[in-house]
Amino acid sequence: MESDYNYISEKGDKPRERLIQDELKISEERFRGAFEYSAIGMAIVSPQGRWIKVNKRLCDFTGCTKDELYAITFQDITHPDDLEADLLLLRELVAGKREYYQIEKRYFHKDGSIVWGLLNVSLVRDEEGNVLHFVSQIEDITDRKIVEEAYKESEQRWQFALEGSGDGIWDWNVQTGEVFYSAQCKAMLGFTENEMGNSCTEWDKRVHPDDKDRYFADMHAHFMGKTTIYTNEHRVMCKDGSYKWVLDRGKVISWTEDGKPLRVLGTHADISEAKEKEIQLKQTLDIISEQNKRLTNFAHIVSHNLRTHTGNLEMLLYIIDETKTEEEKQELMEHLKKVSAQLSETMQHLNDVISIQANIKKQRTVLYLREYIHKATEAMAGEIGLHKALIINNVPAEVTINYSPAYLESILLNCLSNAIKYRHPNRLPVVEVSYHEEGGRKVLEITDNGIGINLARYGQKLFGMYNTFHGNADAKGVGLFITKNQVEAMGGKIEVISEVDKGATFKIFLS
């Protein structure tokens, strides 16, 4: 009686062995069809590397016929630079260290060209664990590798062009805050590849405190679409603690769906040398400007100061001619001598200005302020007497300033003569000179009761060259211009407080 193993109990059924054979045959045919007509190259390879079975796609990939492949090993058509890596993985597969492996490798085509394949390898063992053969799948990735190589070459050329010019590259993912800094970016600050992280704060925290506001503002303006390209010059701290000037440029190259910047690509260029030259040029221009200002001031001092003295001389001579008594003439002659002496002193000061061509500090000397105010009033004695002006000197006798004698004399003469020149027609001129300290600075105040100045109308032009405001025929429009430049040349400033018809106060910060 046949066993249940060989037959199925129902009548007409095939023996089980036959059924198994049929299923194996069907399975083999399916495998053969799948193997032969696969979209990728497939092969069965012996443990020695010989091709046992290959499909049409593999033949197309290598350019060889099946018989030509069967006559060689896979090692024969593998690029020598990729062979050792392939064999190492193969040995690990045989040793049971991995179940399969995948590798991108180059093969020699029959026509001599090189083709790229993505190789996947697994193995089949017998019941005793011995290797029967390898099953290889080879996908043709030549086109992809050509594109990748072209992109890589293009990127290398771009990288070489940028870094050859000294520029570093940064690539910022705004959403994650991660930034790729090229080797040149890091080297620019004295860092090696591994000494600088990939956070945007790595650069931000090194920006000079005085430059940060503008740095962030320019980036924000670009994010808001106000500029097509982000550009900013700032100082950044190097590894050794020193600062370098960097020209930072970038552009948003991708945005999120809600319109926020996603990725920003940019460059860093070291412009320290150019900045140093720019600073040196500015310093040179400042020196030239200062020298020109001093030259202009000197010319104005010569013109204005000498005109003041000669005017007083002429006025005293006129009064002397008109005076009838000898006693009055004698008194006026004494004034004439004083004015003459003041003129000689002024000429000496002007000579001092000419002889000193270096730093303005060399023109400074310790001066008693009250004494110089007194000298100025003596120099203007004729004008003061003619207009019956009252000059009140409230400056304490002990007050001293470190100042240029020529400049101080010019400032006082300008301010006092203006106070008398722009006197009020309905009252005698009174000029009060006082001194105080404000915020640690020495301040001289000259207050008059004249016609005053309409600051709302003329405030912006008050210290301009050749600007006049009252229609006075004697006005030249240079006095206040001279005064302002002289005060600023000595490191001070001048301010005006005035009300029309009530007078004006000039605050001169001497230090």
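Colleague: Before we look at any pair, what counts as a helix here?

Modeller: A helix is a DSSP run of H or I with at least four residues, and helices are numbered from the N terminus. Keep in mind that this is a predicted model. In the protein chain, the secondary structure comes to 15 helices and 17 strands.

Colleague: How many salt bridges does the rule give in total?

Modeller: The count comes to 28.

Colleague: Now a pair from another part of the chain. What does R57 form a salt bridge with?

Modeller: Its partner is D140, and the closest N and O atoms lie 3.8 Å apart. To read such a pair, ask which elements it joins. R57 sits in helix 2 (residues 56-62) and D140 in strand 5 (residues 131-140), so the pair, 83 residues apart, links distant parts of the chain.

Colleague: Is R57 buried, partly exposed or exposed, and what about D140?

Modeller: R57 is partly exposed, having a relative accessible area of 27%. D140 is also partly exposed, with 36%.

Colleague: I also noticed E84. Which residue does E84 pair with?

Modeller: E84 forms a salt bridge with R91, where the closest N and O atoms are 3.0 Å apart. R91 counts as partly exposed, its relative accessibility being 46%.

Colleague: Stepping back to the chain as a whole, what share of the residues is buried?

Modeller: Of the 511 residues in the protein chain, 41% are buried. The cut-off for that label is under 20% relative accessible area. As for the surface, the protein chain exposes about 29,700 Å², and carbon and sulfur atoms supply 52% of that area.

Colleague: Last one: what share of the contacts join residues at least 24 apart?

Modeller: Take the contacts in the protein chain between residues at least 6 apart in sequence: 54% of them join residues at least 24 apart.

Terms used:
Residues are numbered from 1 along each chain as its sequence is written. This is a predicted model: local features need pLDDT of at least 70, side-chain atom pairs count only at pLDDT 80 or more; totals for chains, interfaces and linings use all residues. Side-chain values use heavy atoms; hydrogens and water are left out. Helices (H or I, at least four residues) and strands (E, at least two) are DSSP runs, numbered from the N terminus. Buried means under 20% relative accessible area, exposed over 50%, partly exposed in between (1.4 Å probe, protein chains only). Contact means heavy atoms within 4.5 Å. Accessible areas come from the Shrake-Rupley method with a 1.4 Å probe; for residues, only the protein chains shown count as cover. A salt bridge is a side-chain nitrogen of Lys or Arg within 4 Å of a carboxyl oxygen of Asp or Glu.
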